[in-house]
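Subject: The structure, and what turned up in it

Hi,

Here is the structure I promised to hand over. Please have it open while you read, and my notes follow below it.

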Amino acid sequence: MAADGWRSRHVDVEGHDVFVRIGPDVPGAVPIVHVHGFAVSGTYLLPTAERLAHRATAVVPDLPGYGRSERWGHTLGIPSLAWALLSLLDALELERVVLVGNSMGGPIGLEVAHAEPERVAGIVLASPAGGVHNQPFARALTQLARDAGRESPRMARIAVPDYVRFGAVNALHLFAELVRFPSLERIVRVPVPTLAVVGTRDPLMPPPRRVREVGTLAPPHVTIVAIDGAAHAMNFSHPGELAHVIECWLDGREITDDPDQPGVSRVLQIAHGSGPVV
């Protein structure tokens, strides 16, 4: 166990080894599980996870085939990754959690919420990828290339080794599936309280005008927030601002900007309900 209370575990999930980072225990609070994007490990999620670790036990896994977790013989698609995440929650004996997913982690979280809503107290979609804005596939590749130039240079030191380990062929196949994922349909029918956070410099996300249009289709328990200046991997580049927004939402408070953190947050759609108080 590290001096700050974080520890690492190797958990058996359906006969395979899954690596998990776990923050200090916070008794009585619903754990927060951070779900990474495609082809990368959970390492880049730690800046946000560490800022939220005081309020709930943080869980940051490397999904099967990613980072330090064992490969499962083939690349798992989004529904299979959602099933694997549920199996991991079972192995960790976590009955109910808050999910914070970035990029592909958003669709994975949505699949979990639709499959077993009673186990999800709330879901945070940070730059949820997939859907018509990323289609066709060539457009999505262009968006991904543009985003690479907008991310923090420090992100490359984490992402590049992860991408190399995951493999180019696996990455292309999975990215093609992600592009086809019906994110909008899943969001407008999501059965649990949901916070969607988009960055204004994220080429993989629609512009604020289109996001507002999507917001009119969403149920009252969906809240949409934009962070001005954030690109796609906001969990790494804007962890303080993102954590502040998430805490406001979890507490059911008005979502405001944190003037001491990079980026400016603004609500694009005010939900008629409130976030889960956890």
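Phe-166 is in contact with Ala-39, Gly-65, Tyr-66, Arg-71, Thr-75, Ala-171 and Leu-174, leaving aside its neighbours within four places in sequence. Please keep in mind that this is a predicted model. Phe-166 is found in helix 5, which covers residues 153–166, and counts as buried because its relative accessibility is 5%, with the cut-off set at under 20%. Phe-166 also sits 8.0 Å from Gly-67, C-alpha to C-alpha, although the two are 99 residues apart in sequence.

Next, the cores. The largest nonpolar core has 56 residues, and the members that touch the most others are Val-33, Leu-85, Leu-99, Met-104 and Ile-108. Helix 2 (residues 78–91) gives the most to this core, with 8 residues. Apart from it lies another core, this one of 25 residues, including Ala-126, Val-225, Met-234 and Ile-246.

What does Val-33 touch, leaving aside its neighbours within four places in sequence? The contacts of Val-33 are Val-59, Pro-61, Leu-85, Leu-89, Leu-94, Val-97, Val-98, Leu-99 and Val-100. His-34 is buried, with a relative accessible area of 1%. Not counting residues up to four places away in sequence, His-34 touches Leu-45, Thr-48, Ala-49, Leu-52, Ala-58, Val-59, Val-60, Pro-61 and Val-100.

Helix 3 is worth a look too. Of the 11 residues in helix 3 (residues 105–115), 9 are buried, so this helix is largely enclosed by the rest of the structure. The buried ones are Gly-105, Gly-106, Pro-107, Ile-108, Gly-109, Leu-110, Glu-111, Val-112 and Ala-113. What covers them includes strand 3, helix 2, strand 5 (97–103), strand 6 (120–128), helix 6 (168–180) and helix 7 (183–188).

One of those buried residues, Glu-111, brings me to the charged pairs. Side chains of opposite charge can pair when their charged atoms come close. The count comes to 9 salt bridges, and here are some of them.

- Arg-55 with Glu-247: the closest N and O atoms are 3.2 Å apart. This pair links distant parts of the chain, with Arg-55 in the loop between helix 1 (46–52) and strand 4 (58–61) and Glu-247 in helix 10 (residues 239–251), 192 residues apart. Arg-55 counts as buried at 13% relative accessibility, and Glu-247 is buried as well, with a relative accessible area of 18%.
- Asp-251 with Arg-55: their side chains meet in a salt bridge at 3.0 Å, N to O. Asp-251 lies in helix 10 and Arg-55 in the loop between helix 1 and strand 4, so the pair ties together parts that are 196 residues apart in sequence. Asp-251 is partly exposed, with a relative accessible area of 31%.
- Arg-186 with Glu-111: the closest N and O atoms in this salt bridge are 2.6 Å apart. Since Arg-186 lies in helix 7 and Glu-111 in helix 3, the pair ties together parts that are 75 residues apart in sequence. Arg-186 counts as partly exposed at 26% relative accessibility, whereas Glu-111 counts as buried at 15%.

Finally, which residues do salt bridges with shared partners join into one network? They are Arg-55, Glu-247, Asp-251 and Arg-253.

Best wishes

Definitions and conventions
Residues numbered from 1 in each chain as written. Predicted model: local features only at pLDDT ≥ 70, side-chain atom pairs only at ≥ 80, totals over all residues. Heavy atoms only, no water. Buried < 20%, exposed > 50% of the residue type's maximum accessible area, 1.4 Å probe, protein only. Contact = heavy atoms within 4.5 Å. Core = buried A, V, L, I, M, F, W, Y, C linked by side-chain atoms within 4.5 Å. Helix = DSSP H or I, 4+ residues; strand = E, 2+ residues; numbered from the N terminus. Salt bridge = Lys/Arg side-chain N within 4 Å of Asp/Glu carboxyl O.
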